[in-house]
Amino acid sequence: MTPDAARARSLMTRGVVLTVLALIGQAAVMLLAIQFTPVEARQGMAQKIFYVHVPAAVIALWVAVPLTAFAGLLYLWLHDPRLDRFAAASAEVSTVLCGIVLATGPIWGKPIWGTWWTWDGRLTLTLFLFFLLLGYHTLRAAIRDPGDRARFSAVLGVMGLVLVPFIHLSVYLWRGLHPQPVVLKPSAPSLPPEMLRTLLSGFAVAFLLYLGFVTLRYGIQLARDAREAAHAG
Amino acid sequence: MQADTTRAPADTVALTAPAEVPFMPPHNGGYMVAAYVVAAAVYLVYAASLILRARAERR
Amino acid sequence: MPPADAPLVAARGLARRYGPVHALRGVDLDLHPGDVLLLLGPNGAGKSTLLRSLAGLLRPQAGSVMVAGRRLSGDDPDARRPIGLLSHQSLLYDELTLLENLVLAGRLYDLPDPRARAETVLARQALLERKDDRPRQLSRGMQQRAAIARALMHDPTLLLLDEPFTGLDAVAGDRLRALLGELRTAERAMVIVTHHASEAWDLATRVGVLVGGRWGYLGPRPADLAAFHLTYQEVARG
Amino acid sequence: MGRALRHALAIAGKDLRMELRTRTSLLSAAVFAALVLMVFNFARDPTAVATVDLAPSILWVTVTFASVVAMNRAFTVERENGAFDGLLLAPVSRESLYLGKYLANLAFVLIVEAITLPLFVLFFNLDLGGALPGLLLTLLLATIGFVAVGTVFSAMVAKTRFAELMLPILLLPFMVPPLIFAVKTTVPLFAGRPLSDVLPGLRFLALYDVAFVTLSVLLFSAVVDE
């Protein structure tokens, strides 16, 4: 058992524990939202989608995707395989989180805005990132050489991050709005304490989910790389 | 026109300024259930795929 | 110019990995003007990795390469100026004529009169009358002579040759050996990567055998090829 | 500085000479553009939608796909006989190597656009009138931006088996913002609205160009140096 394989095993264990805890947390937040959080007078029960949609969006757009791009940028400088392995793991989790945002967004939009899809700033940004991430995974799958794969996906990651402000500008220009101050400010300007508590616990759980998923995915990749090294050694 | 005196149910809090005529919140809980089911499904399926891949590595 | 006895090439602690495979595990090499190193070793021992690192086409994960006193690195393109490469690929564009290919190389090496220089090196390779033909219209032997002409455009002092004899028939092989003999000058160093020591044995002044990314043997060329084969066999197995 | 530019022009010149000699991808891009325009022409009901409203987006979609076809060949041609190693070995900085390939790509795409624009005006019998200079400036600014990104990506995908498919997948998200900026510039332009309506789009296009040309120059060596 090489040190890498041992480290992979411990990471996977920690990842599983974190993931299970986070899933339980997520269930708790959903229960909290349904039972112990007041129904918003104008939007009704559908408004409670907010407590799952917004945390996933915030963690995806402000944690998962930036970490993916930043790990790539660091890789270009340090060429450390661990950074590339983390970037790939974080990119996979980012795709799942963006998927959830894109799935729950329209379900929330239909009752509130009357349409399944709106070019709202946050949703549009998430859609762009989803396509960028699909491109990222397609590129990684298409390149066999580990060095090329790591460098190319890092370059795409950095390019993608620089594209984000231009996506904001496009949405602003496309809808002719005055620029929205922060794309991710919760739609309700000030939440009453009972709602804010649920939202914050939603953030905490979404972050825990990201942590669990990325640790687990990183551990799996480390185990695969260690196994490959053992064969090739 | 006789003012509508029914008050919104106790546990609802009007976020925005209450409309001139307070009314019952729309009955759209179904959307919430759908969104929660979809989100839960995606989280669970992904977690399961990770755990299965991890177990495959440990053998 | 670096002092007379300073090495033309000084490689220190070269290490390179491709994912799990360690191609080079700490390789040192000094080459002085006039040296001709025969680089041998089983497949996957790191021969072409070392050659590409010496050419500055491959960034080592550890260690460094100095050529004519300048360290090869991304931000110093001029450090690569003295290097010439003859790979088993011709490095020529099929849509450009021989002359256009060489003039392009001349301009990239900032030669004062690329066209004149191109015609000189083509003439020396007996290809002048084919200067307006495309590389794919030439025979394998001629294509290699065109590739040699391109590699010699800027009169490199370090000439790296990656399996130059592969695919050549006996006549072309002898012609190449003769040419390499002429190219062996007091100022130039050469590295010849090959699978069969016999192909360039008598040209070599030193021999290096790479095994698993490390030197199995590195030293002056022994006089007798057959005796060397014996030691080389254990080295390869060792 | 002059030397770097000379290297870039030598490389760009080589690419242009090779492409004009074979004309394969230029022709295919132009034919592709004409076909897409024709499809758009029959795919709309002229009575329902006023041509002038639809025209900008039709032009941009056509240009987008035609240029992806043109850009792909930039690095596939370098893989012949390992020719790219020759460029990497030469004492040429990665920046001027990128500039050379970028200028060649820019020229190809502009040529394709020069073919597409008259066809576009012909098929949709548009009276551009005063809008032509503004349209050309917008087209140029948009092209400068996405060709910069396309050049980096075509260097990456050249190493995969299905480069023709990979390039659009990677590049399209990066082409949408310039596309939106360009459409939002040409719509008021065609409608003859005041300059103040046209400026925001142009300003964003210029911003995109500065950001992505700089970024592409910096990141290119990470793509080509192993």
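Modeller: Happy to. In chain D, helix 3 (51-76), helix 6 (131-157) and helix 7 (163-190) each give at least two residues to the lining of the second largest cavity. Please keep in mind throughout that this is a predicted model. Helix 7 of chain D provides the largest share of that lining, 4 residues. The residues around the space are D:Trp60, D:Thr64, D:Ala142, D:Phe146, D:Met175, D:Pro178, D:Leu179 and D:Ala182. Sorted by class, they come to 7 nonpolar, 1 polar and no charged residues.

The largest cavity has a volume of about 140 Å³, and its lining comes from A:Val65, A:Thr68, A:Ala69, A:Leu129, A:Leu132, A:Leu133, A:Tyr136, A:Leu156, A:Gly157, A:Gly160 and A:Leu161. Two or more of these residues come from each of helix 2 (50-78), helix 4 (121-142) and helix 5 (146-175) of chain A. The lining of the largest cavity holds 8 nonpolar and 3 polar residues, with no charged ones.

The largest pocket has about 1,100 Å³ of space. Its lining has 43 residues, and those nearest the centre of the pocket are A:Pro81, A:Arg85, A:Asp225, C:Arg17 and C:Gly19. From chain A, the elements giving two or more residues to this lining are helix 1 (3-36), helix 3 (81-113), helix 4, helix 5 and helix 6 (193-232), and from chain C they are strand 1 (9-18) and strand 2 (21-31). Helix 6 of chain A makes the largest contribution to the pocket lining, with 10 residues. By class, the pocket lining splits into 15 nonpolar, 9 polar and 19 charged residues.

Helix 6 of chain A also leads us to a neighbouring chain. Its axis and that of helix 1 (residues 29-58) of chain B come within 10 Å, crossing at roughly 30 degrees. With that angle, helix 6 of chain A is roughly parallel to helix 1 of chain B, and the crossing of these two helices is left-handed. On the side of helix 6 of chain A, the contact is made by A:Leu209, A:Phe213, A:Leu216, A:Arg217, A:Ile220, A:Ala223, A:Arg224 and A:Arg227. Helix 1 of chain B meets them with B:Tyr43, B:Tyr46, B:Ala47, B:Leu50, B:Ile51, B:Arg53, B:Ala54 and B:Glu57. This contact of helix 6 of chain A with helix 1 of chain B has 11 nonpolar and 5 charged residues, and no polar ones.

As for the chains themselves, 4 pairs are in contact, and chains A and B share the most contacts among them. Chain B does not touch chain C, with nearest C-alpha atoms 17 Å apart. Chain B and chain D are not joined by any contact either, and their closest C-alpha atoms lie 24 Å apart.

Now back to chain D, by way of chain C. Helix 2 (residues 98-108) of chain C packs with helix 1 (residues 2-22) of chain D at an angle of about 165 degrees, and the axes are 9 Å apart. Because angles over 145 degrees count as roughly antiparallel, helix 2 of chain C is roughly antiparallel to helix 1 of chain D. The crossing of this pair is left-handed. Helix 2 of chain C brings C:Glu100, C:Leu104, C:Arg107 and C:Leu108 to the contact, while helix 1 of chain D brings D:His7, D:Ala10, D:Ile11, D:Lys14, D:Arg17 and D:Arg21. In this contact of helix 2 of chain C with helix 1 of chain D there are 4 nonpolar, 1 polar and 5 charged residues.

Helix 2 of chain C has a partner within its own chain too: with helix 3 (residues 114-124) of chain C, the packing angle is about 125 degrees and the axes are 8 Å apart. Helix 2 and helix 3 of chain C are therefore oblique to each other, and their crossing is right-handed. Residues making this contact include C:Leu102, C:Val103 and C:Arg107 of helix 2 and C:Ala118, C:Val121 and C:Leu122 of helix 3. The contact between helix 2 and helix 3 of chain C divides into 8 nonpolar, 1 polar and 3 charged residues.

Note on methods. Residues numbered from 1 in each chain as written. Chains lettered and ligands numbered in written order. Predicted model: local features only at pLDDT ≥ 70, side-chain atom pairs only at ≥ 80, totals over all residues. Heavy atoms only, no water. Axes fitted to C-alpha atoms, helices over the stretch in contact; angles between N-to-C directions. Parallel < 35°, antiparallel > 145°, perpendicular 65-115°, else oblique. Left-handed = near helix turned anticlockwise from the far one by under 90°. Contact = heavy atoms within 4.5 Å. Nonpolar A, V, L, I, M, F, W, Y, C, P; charged D, E, K, R; others polar. 1 Å grid on protein atoms, 1.4 Å probe; cavity = no way out; pocket = protein on both sides within 12 Å on 5 of 7 lines; lining within 4 Å. Points joined across faces, edges and corners; volume = space filled by probe spheres on them.
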